[in-house]
Amino acid sequence: MNAIRQFIEVKNNSFSVVLPEGFTATRVEVIILPSEVEDEIPQWQKDIVLERVAAIKQNPELLLDEEQFWTEVEDAS
């Protein structure tokens, strides 16, 4: 059995499902479960970003502009 899983936005109490090309079944079973938005960003990454933002707020000169950033990346190579 091949299953298709999609997360679909409900609008006005309805939604539509687009089936992949080559889908040949003439009858399907539909199970509807409410879905919370899943956060795919790991907590450790969020923590690092929050630490960096706090550090920049305390010390704004830590913030590099994009051109300076790429110059430093190229110089490090």
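This is a predicted model: local features need pLDDT of at least 70, side-chain atom pairs count only at pLDDT 80 or more; totals for chains, interfaces and linings use all residues.

Me: Is R27 buried or exposed?

Reply: R27 counts as exposed, because its relative accessibility is 76% and the cut-off for exposed is over 50%.

Me: How far apart are R27 and N2 in space?

Reply: They are 13 Å apart, C-alpha to C-alpha. In sequence, 25 residues separate R27 and N2.

Me: And E36 with E66, what are the two separations there?

Reply: E36 and E66 are 30 residues apart in sequence. Their C-alpha atoms lie 36 Å apart in space.

Me: Where is E36 found?

Reply: In the segment before α1. E36 is exposed, with 68% relative accessibility.

Me: New topic. Which residues make the nonpolar surface patch?

Reply: I4, I8, V10, F15, V17, L19, F23, V28, V30 and I32 make it. The patch covers about 880 Å².

Me: Take F15. Where is it found?

Reply: F15 is in the segment before α1, and that helix spans 43-58.

Me: Why does F15 count as partly exposed?

Reply: Its relative accessible area is 38%.

Me: On to the pockets. How much space lies in the largest pocket?

Reply: About 1300 Å³.

Me: Which residues lie nearest the centre of the largest pocket?

Reply: I4, R5, Q6, I8 and I31. In total, 26 residues line the largest pocket. I4 and I8 are also among the residues of the nonpolar patch.

Me: What does that lining look like by class?

Reply: The lining has 17 nonpolar residues, three polar and six charged.

Me: Now the backbone. What is the phi of N12?

Reply: About 55°, a positive value, although N12 is not a glycine.

Me: Are their side of things buried or exposed?

Reply: N12 counts as exposed, at 79% relative accessibility. N13 counts as exposed as well, at 78%.

Methods
Residues are numbered from 1 along each chain as its sequence is written. Side-chain values use heavy atoms; hydrogens and water are left out. Patches are made of residues with over 30% relative accessible area and no salt bridge: like charges are joined within 9 Å, nonpolar side chains (Val, Leu, Ile, Met, Phe, Trp, Tyr) within 5 Å. Accessible areas come from the Shrake-Rupley method with a 1.4 Å probe; for residues, only the protein chains shown count as cover. A salt bridge is a side-chain nitrogen of Lys or Arg within 4 Å of a carboxyl oxygen of Asp or Glu. Helices (H or I, at least four residues) and strands (E, at least two) are DSSP runs, numbered from the N terminus. Buried means under 20% relative accessible area, exposed over 50%, partly exposed in between (1.4 Å probe, protein chains only). On a 1 Å grid over the protein atoms alone, a cavity is a set of points where a 1.4 Å probe fits but cannot get out, and a pocket is an open set with protein on both sides within 12 Å along at least five of seven lines; lining residues have an atom within 4 Å of a point. Grid points are joined across faces, edges and corners, and a volume is the space filled by probe spheres set on the points. Ala, Val, Leu, Ile, Met, Phe, Trp, Tyr, Cys and Pro count as nonpolar, Asp, Glu, Lys and Arg as charged, and the others, Gly among them, as polar.
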